[in-house]
Amino acid sequence: MLPNLLKLHHSTIARFGRRRGRIFLAVGFLAAVLTVVMMFSLRDRFVPEDRSWPTYQEPSTLVYRREDLQRIWEWEVAAGHYPSAQKIPENIGLTTPPINPALPPRKSSSIPNRFRPPSVTNTVGIGAKRVYLDIQAKPPNVAYPPRPMPGSVADMDVVMDHCDFSQNKYVRDCLEVLRLGGGLDNGARVRRGKMDEWKYIYVEDGELQNSTQIAAPQINTALALKSQGVADPNAAFVKKRNADWEPHVYFPAPQKYIAHHDRPEACDENPHLFHMFWTGPFTDKPYLALLSFLYTQNLGLHLDPEHLDPTVCRPQFWLWINPGPAASVPNPTAMRDMFEQLKSNPWASPFLHPRFKDVIQFKLWNTTEQLDGVPELKDEWRVLRDALFNSGGVVEKIPQPADSSSEEGDGSTSKSEEDDKVNRVGSKSPSSYDRLSVILSDMARFVLCHRFGGIYLDADTILLRDWEELWGWKGAFAYRWSRLERYNTAVLKLNKGSALGTFLFRTALKNGLDFHPMTVSRYTKDAALEPLLLRLPDALFDSAWLNTEDYQRERPPQPYFTEFGDFFFTPREKSAAPQALGFNGFFRGAYSYHFHNFWWQPFDPTRNWPDLGPRFINGERIARAQADASVTEHSEFPEDLVADDKRDLDWSVVLKRTFEAYIRGEIPNMYGEWIKW
């Protein structure tokens with residue numbers, strides 16, 4: 001609290017007189033200043049510079065003992081879900097290295113026992129040899145990049161070496177490695193040096209080694225490796241406050257790891273499933289996501305259905321539709337109603353065409369059914385029903401329905417009641433954001449990937465290349481939250497029914513079913529399981545993010561976005577690039593682009609309808625009538641004139657029109673393949 005200077009001045013003058021009082025005040029002021037200066041001087045002299053001051057520690061979320069965390073690590077490694085040479089965290093406390101069928105053998109240095117750490121941090125590889133590929137377009141087919149080889153795998157250790165923001169790696173340099181190592185340069189290489197260290201895609205060659213040839217003993221994956229010589233078996237692990245330890249967990253033996261060339265079928269037990277969650281009317285946002293899927297993935301649309309390549313596991317896109325508000329329960333006719341709405345929606349109806357029936361499927365989301373389908377949740381989630389919408393510890397309360405007897409009047413409902421947070425169905429503007437559906441989607445992605453396996457994509461994601469080698473990497477992953485060492489689960493890969501999935505669901509259950517990516521980051525960090533859910537660099541899926549937060553602007557990638565809105569409203573001084581460079585100039589090398597919401601902004605305001613040609617003309621008529629009141633569904637379209645188009649096309653426009661031209665049969669896809677109807 002500051003002193004009352006005016007009162008102090010008057011009391012001093014009254015007591016000591018005008019002259020002596022002022023001298024007294026001046027001396028007191030100088031004494032106070034000297035005291036502050038001396039305090040800072042003494043601090044700098046006697047307090048070490050490297051002294052660490054206490055910082056805020058987030059409360060622990062951990063509910064599993066070390067013994068159970070060891071079991072989780074053993075199971076995941078034995079299942080082939082850890083194809084990495086990165087160390088296991090030392091505080092896990094393994095005393096025998098797990099056998100790793102997804103990692104080739106390595107020569108290990110012999111360390112005397114007295115120098116060995118008390119716990120093991122490495123795995124023993126018994127996997128097949130890795131052959132790293134030199135992927136280039138071969139003459140005469142040099143106009144388009146080659147498809148990835150079926151069964152190829154991305155070495156994430158190499159990717160991290162070139163792309164990890166924590167190691168001061170630039171997005172621009174990362175994309176060059178991804179582009180050249182993936183053969184996306186179309187043979188137009190101007191670098192002349194040897195690029196072996198940029199090869200990050202490999203295939204497995206040969207058979208797994210017999211584990212009896214390895215010096216380390218085979219581990220029984222159903223048993224925990226007990227820590228030895230530790231007084232507290234859970235030392236270095238902090239249990240969640242006021243929570244009990246989870247009962248000891250035991251897993252059945254994982255399925256035997258089989259290299260791709262030895263699998264009887266291309267897809268084996270792990271089909272390549274993309275999942276997406278959508279609430280509200282179908283718009284141009286999921287429309288473009290599906291178009292990008294058709295344009296980039298190896299779906300065999302350039303082949304006759306009877307001549308598909310049996311060595312290729314064709315990806316499928318499962319689009320989960322939540323038919324009403326997030327907190328509502330689907331009615332008995334919800335499935336029929338969903339398909340009726342899709343058929344009448346111009347943005348959705350093209351994907352019901354028989355040509356896409358094997359690769360695109362619309363599925364009805366039912367929260368109760370889905371949660372009951374998760375063994376780790378089905379018996380307990382109803383206890384948390386009132387706190388189901390939990391995001392980062394903030395619970396959105398769902399009010400109970402009002403008593404019908406109190407509803408009187410003319411039956412009309414105010415706009416605020418219709419569009420409040422409970423009844424919103426999709427985000428129509430920044431001010432009417434459907435927060436409940438966003439929170440529900442945070443949970444839905446983990447449910448879908450754990451129940452069915454696969455990769456979840458947020459609906460504001462556009463695919464930019466084939467994901468074959470990402471499917472080949474059998475581990476789980478999300479990606480980095482920009483500069484922060486946290487997850488963004490806009491892209492999430494989990495293995496079906498995995499031990500890691502069990503950990504995540506049981507931990508979330510004890511933490512209020514909170515699946516916000518920031519909270520999930522705490523789950524894995526507190527349990528030393530972060531390497532099992534790899535945090536990939538955002539350059540792979542979200543290449544503009546760092547630039548939008550003022551990082552790496554001195555060496556940005558192409559294109560250079562300073563805010564996410566630049567995708568929809570390309571700045572005038574950069575507006576020549578979209579038309580001149582086209583799709584190939586848009587973050588070339590990245591696997592996807594995440595445009596971060598903008599649900600209400602059309603991709604192509606000038607042509608805000610599905611422009612897919614005569615085959616889908618009925619949907620185009622409906623959309624044109626909705627966009628222009630002067631046009632009816634049965635009237636003739638006005639002639640397209642280039643003068644009516646926007647002069648400088650934005651990136652969002654160029655990508656939409658590129659994908660649509662492929663469906664119309666006017667251009668091939670990014671790999672030079674023409675669609676066959």
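Residues are numbered from 1 along each chain as its sequence is written. Because the model is predicted, local features need pLDDT of at least 70 and side-chain atom pairs count only at pLDDT 80 or more, while totals for chains, interfaces and linings use all residues; side-chain values use heavy atoms, without hydrogens or water.

**Confidence**
- The average pLDDT (the predictor's confidence in each residue, from 0 to 100) is 87, and 84% of the residues score at least 70.
- Residues 212-230 have a pLDDT below 50, yet this stretch has 47 contacts (heavy atoms within 4.5 Å) beyond near neighbours in sequence.
- Residues 403-414 also stay under 50, with two contacts beyond four places in sequence.

**Largest cavity**
- The largest cavity has about 140 Å³ of space, a volume being the space filled by probe spheres set on the points, which are joined across faces, edges and corners.
- It is lined by 13 residues (an atom within 4 Å of a point), and Asn270, Pro271, Gly454, Trp471 and Asn495 are closest to its centre.

**Second largest cavity**
- The second largest cavity has a volume of about 120 Å³.
- Its lining has 16 residues, with Gly151, His260, Arg263, Gly472 and Lys474 nearest the centre.

Methods:
1 Å grid on protein atoms, 1.4 Å probe; cavity = no way out; pocket = protein on both sides within 12 Å on 5 of 7 lines; lining within 4 Å.
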